[in-house]
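Hello,

Here is the structure I said I would pass on. Please open it beside this email as you read.

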Amino acid sequence: MDFSKLFSYYFLLLALLFPMATAENSNLFREYIGAQDKGVKFTDVPINSDVQFHFILAFAIDYTTTTPYTPTNGQFNVFWDTVNLTPSAVASIKQSHSNVKVALSLAGYSVAGSTTNAYFLPTSIDSWVNNAVSSLTSIIEQYHLDGIDVDYENFNTSAADEDTFAECIGRLITTLKNNGVIQFASIAPFEDQPLQSYYEALWAKYSNVIDYVNFQFYGYSNSTTVSQFLGYYDTQSSNYEGGNILTSLISDDSGGLTPANGFFNACKTLQDEGRLFGIFIWSADSSKANGFPYETEAQDLLANA
Ligand SMILES: *[C@@H]1O[C@H](CO)[C@@H](O)[C@H](O)[C@H]1NC(C)=O
Ligand SMILES: *[C@@H]1O[C@H](CO)[C@@H](O)[C@H](O)[C@H]1NC(C)=O
């Protein structure tokens with residue numbers, strides 16, 4: 001029997017079965033923390049020393065911190081739980097766990113959980129980028145952070161178009177990286193229009209500076225099945241072609257493929273196919289009540305990558 005031929009057939013078959021497989025297995029676990037006023041601390045969350053672990057502080061927003069919440073054109077303020085998630089708490093969790101890095105996320109859905117939605121509202125590209133670079137550099141240095149995540153979820157097509165978003169965010173990430181302020185950047189889109197067209201425009205121009213795609217798979221219906229989920233994963237792998245796409249769950253089980261419906265089986269399938277780059281969870285705040293079982297299971301799975 002010609003084994004080398006058999007091998008070629010095997011790889012040809014793999015290539016046919018998984019034409020969009022671009023990411024490789026990796027052991028990155030990420031978790032949002034600090035947006036929901038539950039008093040959650042970094043030290044509450046289980047950390048497996050065999051994964052790369054990113055906490056993502058939610059959120060820094062370019063709105064005023066007092067009511068009426070008003071857009072500030074790239075002048076970012078801190079909106080996460082600053083009582084528990086302090087600069088010294090960041091320094092301390094990183095010192096006690098060499099596998100931990102900490103990022104901040106931009107925007108989120110609403111300002112401080114209010115009825116004011118956090119819109120992307122730049123006055124101009126140059127002024128927004130200048131304000132964002134200087135305000136975020138101060139926050140990142142003050143808090144000893146390592147990266148940023150982009151989670152604008154509200155767009156007004158008459159106020160700012162896709163290209164403006166691509167330029168503002170692309171130049172912001174590029175500048176922060178060139179200045180040595182951050183080591184990595186991610187984006188956090190979900191299935192919605194016009195939102196996806198904004199992130200796809202950003203991806204088309206600046207995918208080279210975006211390290212991870214935190215796709216919000218929990219934005220789909222909470223009756224999602226394993227096979228639907230794997231289909232969504234393929235769709236988003238082609239939308240963000242060449243990206244390191246993480247799977248995700250929401251820890252209050254309110255959306256997407258839940259653990260009870262097979263989330264971890266789906267992740268295992270992707271890992272067996274060699275294309276599970278990582279997993280992220282929204283959020284530590286809501287996990288706290290249940291003792292973080294999903295965090296433990298996700299990291300155990302990734303530790304086998
Ligand atoms: C969108 O932007 C336009 C133009 O700036 C403005 O007139 C409109 O009120 C905005 N809509 C929302 C929902 O903010
Ligand atoms: C699942 O979604 C339905 C429809 O949106 C909603 O009524 C239900 O409460 C959700 N279930 C959970 C566990 O959040």
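Below are some notes on the cores, one glutamate and a ligand.

This is a predicted model: local features need pLDDT of at least 70, side-chain atom pairs count only at pLDDT 80 or more, and totals for chains, interfaces and linings use all residues. Residues are numbered from 1 along each chain as its sequence is written, chains are lettered from A and ligands numbered from 1 in the order in which they are written, and side-chain values use heavy atoms, with hydrogens and water left out.

Cores first. The largest nonpolar core has 81 residues. (Such a core is a set of buried Ala, Val, Leu, Ile, Met, Phe, Trp, Tyr and Cys residues joined through side-chain atoms within 4.5 Å; buried means under 20% relative accessible area, with a 1.4 Å probe and protein chains only.) Leu104 and Tyr152 have the most contacts inside it. Helix α3 (residues 125-143) gives the most to this core, eight residues. (Helices are DSSP runs of H or I, at least four residues, numbered from the N terminus.) A second, separate core has 21 residues, including Phe79 and Tyr212.

Now glutamate 167. It lies in helix α4 (residues 162-178).

Last, ligand 2. An oxygen atom of ligand 2 is 2.4 Å from an N or O atom in the side chain of asparagine 222.

Best wishes

Note on methods: Polar contact = N/O pair within 3.5 Å; in protein donor to acceptor, adjacent residues only side chain to side chain. Helix = DSSP H or I, 4+ residues; strand = E, 2+ residues; numbered from the N terminus. Buried < 20%, exposed > 50% of the residue type's maximum accessible area, 1.4 Å probe, protein only.
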